[in-house]
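Look at the chain as a whole before turning to its parts. The text below goes from the overall layout to single residues.

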Amino acid sequence: MTNKNFIKELSQRLDCTTREAQDMVHSLIDVMNEEFMAGEPFMIPGFGTFEVKKRMERIIVNPSTHQRMLVPPKLVLGFKPVPSIKEKLKNGGEENG
């Protein structure tokens, strides 16, 4: 789904203009970014949790040259879905009956 399609679907579901839906999405993303910059997880009930994690520095080996290189530490964004979504995906999108 593209951003344009998402905005259109959201505006139809909320019975608002596409501009209002776009403003809502931008506001949500701004709030999420603020939480990520503060190092806080962002939880969406019924969907999952986004969390900033720190990867430690590590040494890797180039397989073709066998040269060792140091990879510096960095921050990465992780996502953990709620168990119900995880289960649906495991079952190919079908719900348990």
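What follows describes a predicted model, beginning with the whole chain.

The protein chain contains 3 helices and 5 strands. Read from the N terminus, these elements come in the order α-α-β-β-β-β-β-α.

The overall dimensions come next. Along its principal axes, the C-alpha trace of the protein chain spans about 60 × 40 × 25 Å. The radius of gyration is 19 Å, whereas a compact globule of 97 residues would have a value near 13 Å. Of the 97 residues, 13% count as buried. Contacts can also be sorted by how far apart the partners lie in the sequence. Among contacts between residues at least 6 apart in sequence, 27% join residues at least 24 apart.

Now turn to the helices α1 and α2. Helix α1 covers residues 3–14 and helix α2 covers residues 18–37. At what angle do the axes of α1 and α2 cross? The crossing angle is roughly 110°, and the axes come within 8 Å. Angles of 65 to 115 degrees count as roughly perpendicular, so α1 is roughly perpendicular to α2. On the α1 side, the contact is made by Phe6, Ile7, Leu10, Ser11 and Leu14. On the α2 side, Thr18, Ala21, Gln22, Met24 and Val25 take part. Sorted by type, the residues of this contact comprise 7 nonpolar, 3 polar and no charged.

One of the residues on the α1 side of that contact is serine 11. Is serine 11 buried or exposed? Buried means under 20% relative accessible area, and serine 11 counts as buried because its relative accessibility is 7%. Leaving out residues up to four places away in sequence, serine 11 touches Cys16, Thr17, Thr18 and Ala21. Among these, Thr18 and Ala21 also belong to the α2 side of the contact between the helices.

The strands β3 and β4 form a hairpin. Strand β3 covers residues 58–61 and strand β4 covers residues 68–71. The two run antiparallel and are joined by 4 bridges. Which residue of β4 is the bridge partner of isoleucine 59? The partner is leucine 70. Between the strands of the hairpin there are 6 residues. In this hairpin, histidine 66 takes a positive phi near 60°.

How values were computed:
Residues are numbered from 1 along each chain as its sequence is written. This is a predicted model: local features need pLDDT of at least 70, side-chain atom pairs count only at pLDDT 80 or more; totals for chains, interfaces and linings use all residues. Side-chain values use heavy atoms; hydrogens and water are left out. Axes are lines fitted to C-alpha atoms, for helices over the stretch in contact, and angles run from 0 to 180 degrees between N-to-C directions. Angles under 35 degrees count as roughly parallel, over 145 as roughly antiparallel, 65 to 115 as roughly perpendicular and the rest as oblique. Contact means heavy atoms within 4.5 Å. Ala, Val, Leu, Ile, Met, Phe, Trp, Tyr, Cys and Pro count as nonpolar, Asp, Glu, Lys and Arg as charged, and the others, Gly among them, as polar. Two strands pair if DSSP finds at least two bridges between them. Buried means under 20% relative accessible area, exposed over 50%, partly exposed in between (1.4 Å probe, protein chains only). The radius of gyration is taken over C-alpha atoms; the globule rule is 2.2 Å times the number of residues to the power 0.38.
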